[in-house]
Amino acid sequence: MASEPTEPAPLQWSAQFDVAVPSKSRQLPGDKLLLPASALEQLLAAAPTVSAQSSSNQPHTSTFDPFNPHTFAAERHARELQYQDRVQQLPHPLTFRLVNPDNGKAAYAGIREFSADEGEVVLSKFLRESLGVESDGEADSWPSSGNTSDEDTTMANGAGAIAVNDRDRPRITVHANQLPKGTFVKLRPLEAGYDPADWKSLLEQHMRANFTTLTNGEILVIPGGRGVGGKREEFRFLIDGFKPEGDGVCVVDTDLEVDIEALNEEQARETLKKIAAKAQKAPGTTEGSSTGGKLNLLKAEPGQVLDGEYVDYEIPSWIRAQGVEIELSEVAEEDELDLYVSPFGPRQRTRPRAEEHVFADVSSTYPKRVRLRPTNVELEDAESLWVSIHAYAPENTSGTRSPKTYQIRAIPFDPQEDTSQDSTTSDTVPPNPGDVQCKNCQQWVPERSLFLHENFCLRNNTVCPKGCGQVFQKRSEAFQNHWHCPHDTFHGNTALSHSKHDAMFHQSYTCDSCDRTFTSLAQLSHHKTTVCPGKHILCQFCHLEVPQEGNPDEPNPEALLSNLTPHELADGGRTTECHLCNKIIRLRDMATHSKHHEFEKLSRPAPRICRNVNCGRTLDGTSKTGDTRVATKLGLSQGPDNDLGLCGVCFGPLYVSMYDPEGKALRRRVERRYLTQLTKGCGKEWCRNEMCQSGRQNQGTKPAGLSMKEALPLIKPLLEKLQVRDGETPETLVHFCTDESSQKRRNLAEMLAAEEDVTGKGGYALEWCVAAMEAQGGDLQKGREWLKGWAPQRNEAR
């Protein structure tokens, strides 16, 4: 009997490593670690041997008889014995148990890469905290890695020296340990007030992207959005139990059920209270912020906003030739509401926020205005404008406060008007005759009462001595709180405005995408909306919303010259086929390639059409690839050397092999054909020739048939200047009957030529429309596409 397959032996491997310095672990997420390349070799050597059927086609054994069904079992057994591969295979996913021998703490982890330095293990911040090797001030005093820098290890004579440090770095023991697939985990929130609507989707996304294992008793931190004061929220959970039971489980390729249970009844009651209080202040309620929405021009919108929250508006359209001014007014002097504006387009995809915006007014004076001019390069390709109102709140804000009210409106303005001159003249011209200006408060008062006004004003009012021009009552609270920043030109009248200014302009901030540090919030915002690798864009090639990538310190010259982001430069390297010339072109070069086709339109020779008004052919032939001289290049011109400017089909019945230098015989043949058409007709039901009895009858023209006497006066003008030289434009046209398809193409071409283009370029000339119908065989839709790809319009420059 065949032996049943046995389960491979578990992977057994362990080693000790020094913990790398913390600077190397900043980018490692979740429970990930890095091991040296030698660890991979040891793991492969210790991996259990498993049987794997070879994928190659193996020959049959010599005892196999295709006509004997009893040999199939023997053949299968022989192939299993002879051609079965024995390979060493690592389990997937590869998980480890980490133990800190100094304190006995243990945690489970998943591998990220085998790229650490020899003798070192790089741990994520989560693992360092779990194992107790993260301590403030200790990392800077650790020795560097085993591969020390040149300054530490190279002496003046070039000989290497070993760096000496009395302190040893922490060491941990790493064991290969395969965990069972988890089916259930219980989480307990460490703080009251966690609403499942806030963290449920974040938990699923964070677990999928950052974790391979979960360890019982550990603290799971889920990053959230920014809360009051711009501080990033965190949801902290205690891992308290699994199914199957144990110290840890694997969470990869498994359906994991998550149960959230409060630590105690008091926390559960507090959570319900906070959720109910949050529902009372939800957007759209009387105690919450406004819901925002679309902002129409010239219509003021009242609203309210809670501390630390945003109210988002959208201006879907505006007159691009004019500017637009967004004004925030009706705000109490003690409130600090800021106005942020960002265009929404392929290069800007996020709502304006304090740390990521394009335009803003964060001063402490009202009304606040943001003016956008048509020449602003940031508005290029903008689909709409996003506007956000933010109520500033310090990080140490406690208690509940009522919403801050405001009024916002968007109005168009003419950028040619110089509003600064108007304001200047209004300050120097008195509003009424006989008024003079007070030298202290700068107000206009009647000249007869200036003496009394100045005595009162100088006794009670004072002007800011630092030059901002504001006038205060000497004993007022506003004058006591008035401040000027010693580092810039900002000033304000409240302590809240002072703290906001210091927090925004005199405090360091770190970009959460690239870990670069900036000295103010404005610099961080400019970075995140310009060169930050984490800035989201709409890729013009893959049509997905992705980070733009790249290195701000070393920008790609090709990306700068081509006006592409680093992601678009890489994604645009894919190739596609040009729909016009069928050449293989890179996606990022397709725009330039298409412009070449546009220039070729202007230099392409116009097609020469047949002189017959009922014919839909050209003299030189037209191809689907836009060539208007196909037959001429091949020596097969449809128009033989005739003096009438007719194509070969129309001139064929008139051709005779005789010497006629003056064209008298040709003139008589043309006259006879006209007489035949007008007196007898061509007999075709589809004919629409006005110089044919059948065509006149089909169109209802009376009289349909003409006598010789009646026909000759109509024919005589058509015979004058019948012959034309090459390159001349005939003064009279020819009216010969032709085949049905040619007449149909001519009618469609005349219809296309009568259409006006919506872009204002004048549409297409008749000769190009005839060429399009000839190239596409009379297909109207394909003819329009041919014209769009190969033909210039009437008003385009030649």
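Trainee: In which hand does α17 pass α19?
Mentor: In this predicted model, α17 passes α19 in a right-handed crossing.

Trainee: At what angle do the axes of those two helices cross, and within what distance do they come?
Mentor: The axes of helix α17, residues 664-679, and helix α19, residues 708-719, cross at roughly 135° and come within 10 Å. The two helices are therefore oblique to each other.

Trainee: Which residues meet there?
Mentor: On the α17 side they are R667, V670, E671, Y674, L675, L678 and T679. In α19 they meet M708, A711, L712, I715, L718 and L719.

Trainee: Now α20 and α22. How do their axes cross?
Mentor: The axes of helix α20 (residues 740-754) and helix α22 (residues 780-790) cross at roughly 50° and come within 11 Å. That angle makes α20 oblique to α22. As for the hand, α20 passes α22 in a right-handed crossing. The contact is made by L748, M751 and L752 of α20 together with L780, R784 and L787 of α22.

Trainee: Let us turn to the sheets. What is the strand order in the open sheet of five strands?
Mentor: The order is β15-β17-β22-β19-β20, and the pairing is mixed. At the edges are β15 (293-294) and β20 (359-361), each of which pairs on one side only.

Trainee: How many bridges join β19 to β22?
Mentor: Eight bridges join strand β19, residues 337-344, to strand β22, residues 384-391, and the two run antiparallel. Within this pairing, S342 stands opposite W386 of β22.

Trainee: And how is β19 joined to β20?
Mentor: Those strands also run antiparallel, with three bridges joining them. V341 has F359 in β20 as its bridge partner.

Trainee: What holds paired strands together in general?
Mentor: Strands of a sheet pair through backbone hydrogen bonds, in either a parallel or an antiparallel sense.

Trainee: Is β19 mostly covered or mostly open?
Mentor: It is mostly covered, since eight of the eight residues of β19 are buried.

Trainee: Which residues of β19 lie on each face?
Mentor: L337, L339, V341 and P343 are on one side, while D338, Y340, S342 and F344 are on the other.

Trainee: What do side chains do along a regular strand?
Mentor: In a regular strand the side chains alternate between the two faces of the sheet.

Trainee: What about the open sheet of four strands: what are its order and pairing?
Mentor: Its order is β16-β23-β18-β21, with antiparallel pairing. The edge strands, β16 (301-305) and β21 (368-372), each pair on one side only. On average, neighbouring strands of this sheet are turned by 25° against each other, with direction ignored.

Trainee: Over how many bridges do β18 and β21 pair?
Mentor: Strand β18, residues 323-329, pairs with β21 over five bridges in the antiparallel sense.

Trainee: A change of topic: where is S130, and is it buried or exposed?
Mentor: S130 is in helix α3, which covers residues 125-131. Its relative accessibility is 8%, so S130 counts as buried.

Trainee: What lies 2.9 Å from a polar atom of the S130 side chain?
Mentor: That is the backbone oxygen of F126. Setting aside neighbours within four places in sequence, S130 is also in contact with K105, A107 and E218.

Trainee: And H567, which helix is it in?
Mentor: H567 is in helix α13, residues 566-571. With 13% relative accessibility, H567 counts as buried because the cut-off is under 20%.

Trainee: Which residues is H567 in contact with, leaving aside neighbours within four places in sequence?
Mentor: The contacts of H567 are C539, C542, V546, P547, Q548 and E549.

Trainee: Finally, the whole chain. How many helices and strands are there?
Mentor: The chain has 22 helices and 35 strands. Of its 798 residues, 40% count as buried.

Trainee: What share of the contacts with a separation of 6 or more comes from residues 24 or more positions apart?
Mentor: Such residues account for 62% of those contacts in the chain.

Note on methods:
Residues are numbered from 1 along each chain as its sequence is written. This is a predicted model: local features need pLDDT of at least 70, side-chain atom pairs count only at pLDDT 80 or more; totals for chains, interfaces and linings use all residues. Side-chain values use heavy atoms; hydrogens and water are left out. Buried means under 20% relative accessible area, exposed over 50%, partly exposed in between (1.4 Å probe, protein chains only). A polar contact is a pair of N or O atoms within 3.5 Å; within protein, one must be able to donate a hydrogen and the other to accept it, and residues adjacent in sequence count only if both atoms are side-chain atoms. Contact means heavy atoms within 4.5 Å. Two strands pair if DSSP finds at least two bridges between them. Axes are lines fitted to C-alpha atoms, for helices over the stretch in contact, and angles run from 0 to 180 degrees between N-to-C directions. Angles under 35 degrees count as roughly parallel, over 145 as roughly antiparallel, 65 to 115 as roughly perpendicular and the rest as oblique. A crossing is left-handed if the near helix is turned anticlockwise from the far one by less than a right angle, and right-handed if clockwise.
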